[in-house]
Amino acid sequence: MSTGNEELKKLLLNKEFTNIPKMGDIIKGIILSLAKNEMRIDIPGFKTGVIRGLEMISTRALYPDLAIDKEVEATVVELENERGEVELSMRFTGERRAWEEIMKLKQSGQIVAVRILDANRGGLMVSSGSNLPGFLPVSQLAPEHYPRVPGGDKNKILEQLKLFVGKTLKAKVLDANEKEKKLIFSEKGVWEEEQRGLLSKYKVDDLIEGKVTAIADFGAFIAFDSIEGLAHISEIAWQRLDHPSDVLKVGDTIRAKIINIDGSKIFLSMRALVDDPWKKVSERYQIGQKVQGKVLKVNPFGLFVELDPEIHGLAHVSELDVAPGEKLESKVKSGDVLEFHITSIEPTAHRLGLSQKAPEEQKEKTELAATATPETKEEKPAE
């Protein structure tokens, strides 16, 4: 130890020598010797550095192409060890250089390739050219890769995410924090950039033709001109739908109108290309008319009924032939064809009321409700 200290003092006193590194400095050197658990590096103008033990194991894993006489970079972790040599780490150097590169990529928005290593329910574990471990959340997947699972079943989502393991995706650095060792990527960011370029050709009210690529509870995704838009369930048809799959299936070719463009998102309407059937509902139906309808859905509060493919109505439970305490589901099921009277028609609200009660009974009920006062609604007991 004393000999090493004396050499270091001589170097420090030598005014002509100015290449003395400090703790944490990154130095360049030439590999002098290479063994399984140790590597010696010549630090020009100074002395010999060494990488050994567990640090050497990490170095070999990160740099498999090490060879004698090759120039490498390393970080000074100790100016002098027990043998008077400079203790070095290439792992620290690699990480620092990698984080520097990652920060540049984040600032520039440059697209990088990320390899999928593993998956969990929240997203994908990835690795970029920096060799730093990163994460690509489900929410940051491009629409074409987003797991559209009915009902949001987490196990099924995980099954779909695992299919990406081993593949490479294009992504951008969304967030990077060296101190917290946090590195988040976004594939959606790349898609949004590409989408913006394509969307510049379109405007609201344009008509498009495309194919249904996916169906979810809330709507259908439609691809056209390398763009994917969403037709919300309320914009697919004028009639009430329980699910978009009631009228659409993946692969269908459809026409739609662009009703909104929000950044990189585009919203479509299929029903905008079809006349609103409720505008002429009075030509087909009148209040008091007796009609037949097919039950589409049974709810505790009543029945959704199809009078024809375009006009649907609602029969509230209070307007049905159901005895007190009797469950509606036990008496009526979807697909049943029943007779009703039309009690109300509201074209602008797209509502039509139905009743199984006789018109006289319905009229009496309406009149009582209209003439009732707070006193008659809640009579006080006689004293």
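Guide: Two strands count as paired here if DSSP finds at least two bridges between them. The model under discussion is predicted.

Visitor: Then how many bridges join strand β1 to β4, and which way do the two run?

Guide: Five bridges join β1, residues 26–34, to β4, and the two strands run antiparallel.

Visitor: Which sense of pairing do β4 and strand β5 have?

Guide: They pair in the antiparallel sense, over three bridges, with β5 spanning residues 86–89. Here Thr-75 faces Ser-89 in β5.

Visitor: Stepping back, how many helices and strands does the protein have?

Guide: There are nine helices and 20 strands. Of the protein's 383 residues, 39% count as buried. Taking contacts between residues at least 6 apart in sequence, 59% join residues at least 24 apart.

Visitor: Let us turn to the barrel. Which strands close it, and in what order?

Guide: Five strands close the barrel, in the order β16-β17-β18-β20-β19, with mixed pairing. From one strand to the next, the twist averages 50 degrees.

Visitor: What joins β16 to β17?

Guide: Strand β16 (residues 290–299) is joined to strand β17 (residues 302–306) by five bridges, and the two run antiparallel. Lys-297 has Phe-304 in β17 opposite it.

Visitor: And over how many bridges do β16 and β19 pair?

Guide: Strand β16 pairs with β19, residues 337–346, over five bridges in the antiparallel sense. Val-291 stands across from Phe-340 in β19.

Visitor: What about β19 and β20: how many residues lie between them in the hairpin?

Guide: Four residues lie between β19 and β20 in that hairpin, and His-350 in the turn has a positive phi of about 60 degrees. The two strands pair in the antiparallel sense over five bridges, β20 covering residues 351–355. Ile-345 has Leu-352 in β20 as its bridge partner.

Visitor: On positive phi, what is the value for Asp-69?

Guide: Phi of Asp-69 is near 75 degrees, which is positive in a residue other than glycine. Most residues other than glycine have a negative phi. Asp-69 sits in the loop between α2 and β4, the latter being residues 71–78.

Visitor: Is Asp-69 buried or exposed?

Guide: Asp-69 has a relative accessible area of 61%, and anything over 50% counts as exposed, so Asp-69 is exposed.

Visitor: Where is Ser-226 placed?

Guide: Ser-226 is in the loop between β12 (219–224) and β13 (227–232). Its phi is near 65 degrees, again a positive value in a residue other than glycine. Ser-226 counts as exposed because its relative accessibility is 68%.

Visitor: Changing topic to helix packing, at what angle do the axes of α2 and α3 cross?

Guide: The axes of α2 (residues 53–62) and α3 (residues 90–108) cross at roughly 45 degrees and come within 8 Å. Angles from 65 to 115 degrees would count as roughly perpendicular and those under 35 as roughly parallel, so α2 and α3 are oblique to each other.

Visitor: Which residues make the contact?

Guide: From α2 they are Glu-55, Ser-58, Thr-59 and Leu-62, and from α3 they are Met-90, Arg-91 and Phe-92. By class, this contact of α2 with α3 has three nonpolar, two polar and two charged residues.

Visitor: And the largest nonpolar core: which residues touch the most other members?

Guide: Among its 25 residues, these are Ile-102, Val-114, Leu-124, Leu-136, Leu-183 and Phe-185. The elements giving two or more residues to this core are α3, β6 (112–120), β7 (123–127), α4 (154–162), β9 (168–177) and β10 (182–186). There is also a second, separate core of 20 residues, which includes Ile-215, Ala-220, Ile-236 and Leu-268.

Visitor: What does Leu-183 touch, not counting residues up to four places away in sequence?

Guide: On that count, Leu-183 touches Trp-99, Ile-102, Leu-132, Pro-133, Gly-134, Phe-135, Val-173, Asp-175 and Ala-176.

Definitions and conventions
Residues numbered from 1 in each chain as written. Predicted model: local features only at pLDDT ≥ 70, side-chain atom pairs only at ≥ 80, totals over all residues. Heavy atoms only, no water. Axes fitted to C-alpha atoms, helices over the stretch in contact; angles between N-to-C directions. Parallel < 35°, antiparallel > 145°, perpendicular 65-115°, else oblique. Contact = heavy atoms within 4.5 Å. Nonpolar A, V, L, I, M, F, W, Y, C, P; charged D, E, K, R; others polar. Buried < 20%, exposed > 50% of the residue type's maximum accessible area, 1.4 Å probe, protein only. Core = buried A, V, L, I, M, F, W, Y, C linked by side-chain atoms within 4.5 Å.
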